[in-house]
Amino acid sequence: MMIEVTPDQEDHIVVESLNRALNEFEQQMEDRRTGRSIIALFHHNPVVDMKECQDHIDAFRKVLTYYEPQSL
């Protein structure tokens, strides 16, 4: 079965996915900062891991400005 999606719907899907990922990374960063989580995402060194998480957060935000320049 083929589902047709309009460009606006595609944008909405992308934005929702980016926002979900951004929220998850921000929550992970907060959990690491407060000690509620010790699970590493990218590196066993917490400083390196948090830097990589922050780089991803910054990237998500940058891409979101393309889709929603007024929201950030």
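**Entry 1: Arg32**

I began with Arg32, which counts as buried at 13% relative accessibility. For these notes, buried is under 20% relative accessible area, exposed is over 50%, and partly exposed lies in between, with a 1.4 Å probe and protein chains only. A word on the source: this is a predicted model, where local features need pLDDT of at least 70 and side-chain atom pairs count only at pLDDT 80 or more, while totals for chains, interfaces and linings use all residues. Residues are numbered from 1 along each chain as its sequence is written, and side-chain values use heavy atoms, with hydrogens and water left out.

Next I looked up where Arg32 sits, and found it in helix 1. Helices here are DSSP runs of H or I with at least four residues, numbered from the N terminus. I then listed its contacts, meaning heavy atoms within 4.5 Å. Setting aside neighbours within four places in sequence, Arg32 touches Ser37, Ile38, Ile39, Ala40, Pro46, Asp49 and Met50.

**Entry 2: salt bridges**

Which residue forms a salt bridge with Arg32? I found Asp49, with the closest N and O atoms 2.4 Å apart. My cut-off for a salt bridge is a side-chain nitrogen of Lys or Arg within 4 Å of a carboxyl oxygen of Asp or Glu. Asp49 belongs to helix 2 and Arg32 to helix 1, so this pair ties together parts that are 17 residues apart in sequence. I checked Asp49 for burial too, and at 0% relative accessibility it counts as buried.

Searching the whole structure gave me five salt bridges. Another of them joins Arg36 and Asp31, with 2.9 Å between the closest N and O atoms. Here Arg36 is exposed at 55% relative accessibility, whereas Asp31 is buried at 16%.

I also noted Arg33 with Glu30, whose side chains meet in a salt bridge at 3.7 Å, N to O. These two are three residues apart in helix 1, which means about one helical turn separates them. As a reminder to myself, an α-helix has 3.6 residues a turn, so residues three or four places apart point the same way. Glu30 is partly exposed, at 34% relative accessibility.

Helix 1 has 28 residues and reaches 40 Å from its first C-alpha to its last, close to the 40 Å expected. Just after this helix, Gly35 takes a positive phi of about 80°.

Helix 2 also agrees: its 22 residues should span 32 Å, and its end C-alpha atoms are 32 Å apart. I asked myself which residues of helix 2 are buried. They are Asp49, Met50, Cys53, Ile57, Phe60 and Leu64. These cover an arc of only 95° around the axis, which puts them on the same side of helix 2; the arc is that of the directions from the helix axis to the C-beta atoms. On the other side of helix 2, I found Val47, Lys51, Lys62 and Tyr66 exposed.

Then I looked at what covers these residues. Helix 1 is among the parts that cover the buried residues of helix 2, and helix 2 is among those that cover the buried residues of helix 1.

**Entry 3: the nonpolar core**

I define a nonpolar core as a set of buried Ala, Val, Leu, Ile, Met, Phe, Trp, Tyr and Cys residues joined through side-chain atoms within 4.5 Å. The largest one has eleven residues: Val15, Leu18, Ala21, Leu22, Phe25, Met29, Met50, Cys53, Ile57, Phe60 and Leu64. Helix 1 (7–34) and helix 2 (46–67) each supply at least two residues of this core. Helix 1 gives the most, with six residues.

**Entry 4: aromatic rings**

Last, I looked for ring pairs among Phe, Tyr and Trp (its six-membered ring), with centres within 6.5 Å; planes under 30 degrees apart are stacked, over 60 edge-to-face, and the rest tilted. The count came to three aromatic pairs. Phe25 and Phe60 have ring centres 5.4 Å apart and planes at 70°, so that pair is edge-to-face. It links Phe25 in helix 1 to Phe60 in helix 2, 35 residues apart. Both Phe25 and Phe60 are buried. Together with Phe42, they form one aromatic cluster.

Conventions:
The expected span of a helix is 1.5 Å times one less than its number of residues.
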